[in-house]
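Please work through the exercises below with the sequence and the three-dimensional view open side by side.

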Amino acid sequence: MKVKYLSAILASSLLIFGCNSDNDDEVVTEPPVVVIPPVVVPPVVVVPPVVDGVSIDDASTVVVKLDTFDSITGALSFTVANSEGKALTNVANYDIVYFGFPDPASPSIKPKAWKRWHVTQNYQCDSTATDSCTGTLEATDTAGKYTFNVSDLDLQSKASANAEMVFKVAVQIKGALASNEIELIDPSN
């Protein structure tokens, strides 16, 4: 009897497992494998910007254009170039003078009051002398553009009490070969 059972088990296993497929008519196809070539990115070369500028000590002319002037804080921004319009770099030496004048629209009734109405406050820098700079001159990210800041500007306290003042500034930038002409500039210019 053992042989009968064995042959029955063998026959049933052939029927159950067959060809390892329940439908031989279907053809299974796999999608084709697509190989995408890698994208080659050329290396990025950083080229520093071309500065169309001249060192202040090599300039034969100096032209200063005041961009902004805050008469309350004394903050200035200005552009320094030569007569050809090329930006001047490495600016370090300066004389900057703030002026307070009486407002012409409100004349004084005291004839000698003008003595206290014309007030000034000076800031200088001579880079050849150590620790002789007053105020802070800084170059901006744009060649030839500078900012100047002070922390102690106080023209009003030097003037007559209740005097209405008009403020002006004079900026002189000094190079080894040349300096600009000094002119009084209003805050609105």
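This is a predicted model: local features need pLDDT of at least 70, side-chain atom pairs count only at pLDDT 80 or more; totals for chains, interfaces and linings use all residues.

Residues are numbered from 1 along each chain as its sequence is written, and side-chain values use heavy atoms, with hydrogens and water left out.

**Exercise 1.** Determine how many residues of strand S3 are buried, and which strands pair with S3.

*Solution.* Begin with the extent of the strand: S3 covers residues 76-81, where strands are DSSP runs (E, at least two residues) numbered from the N terminus. Next, consider covering: 6 of its 6 residues are buried, that is, under 20% relative accessible area with a 1.4 Å probe and protein chains only. In a regular strand the side chains alternate between the two faces of the sheet. Accordingly, Leu76, Phe78 and Val80 point one way, Ser77, Thr79 and Ala81 point the other way, and all are buried. Then look for partners, counting two strands as paired if DSSP finds at least two bridges between them. Strand S2 (residues 63-69) pairs with S3 in the antiparallel sense over 6 bridges, and leucine 66 stands opposite phenylalanine 78. The hairpin of S2 and S3 has 6 residues between the strands, and glycine 74 there takes a positive phi near 85°. Strand S8 (residues 145-149) also pairs with S3 in the antiparallel sense, over 4 bridges, with leucine 76 opposite phenylalanine 148.

**Exercise 2.** Work out the strand order of the open sheet of 3 strands, and explain why one side of S6 and of S9 is left without a neighbour.

*Solution.* The order is S6-S5-S9, with antiparallel pairing. Strands S6 (119-125) and S9 (165-174) stand at the edges and have a single partner strand each, so one side of each lacks a neighbour in the sheet. Within this sheet, 7 bridges join S5 (residues 93-102) to S6, and isoleucine 96 stands opposite tyrosine 123.

**Exercise 3.** Classify the ring pair of tyrosine 94 and phenylalanine 148, and state which parts it ties together.

*Solution.* The structure holds 5 aromatic pairs, taken as rings of Phe, Tyr and Trp (its six-membered ring) with centres within 6.5 Å. For tyrosine 94 and phenylalanine 148 the centres are 5.2 Å apart and the planes lie at 70°, so the pair is edge-to-face, a class that requires planes over 60 degrees apart. Tyrosine 94 lies in S5 and phenylalanine 148 in S8, so the pair ties together parts 54 residues apart in sequence. Both residues are buried. Finally, ring pairs link Phe69, Tyr94, Tyr98, Tyr123 and Phe148 into a cluster.

Definitions and conventions:
Buried means under 20% relative accessible area, exposed over 50%, partly exposed in between (1.4 Å probe, protein chains only). Rings of Phe, Tyr and Trp (its six-membered ring) pair if their centres lie within 6.5 Å; planes under 30 degrees apart count as stacked, over 60 as edge-to-face and the rest as tilted.
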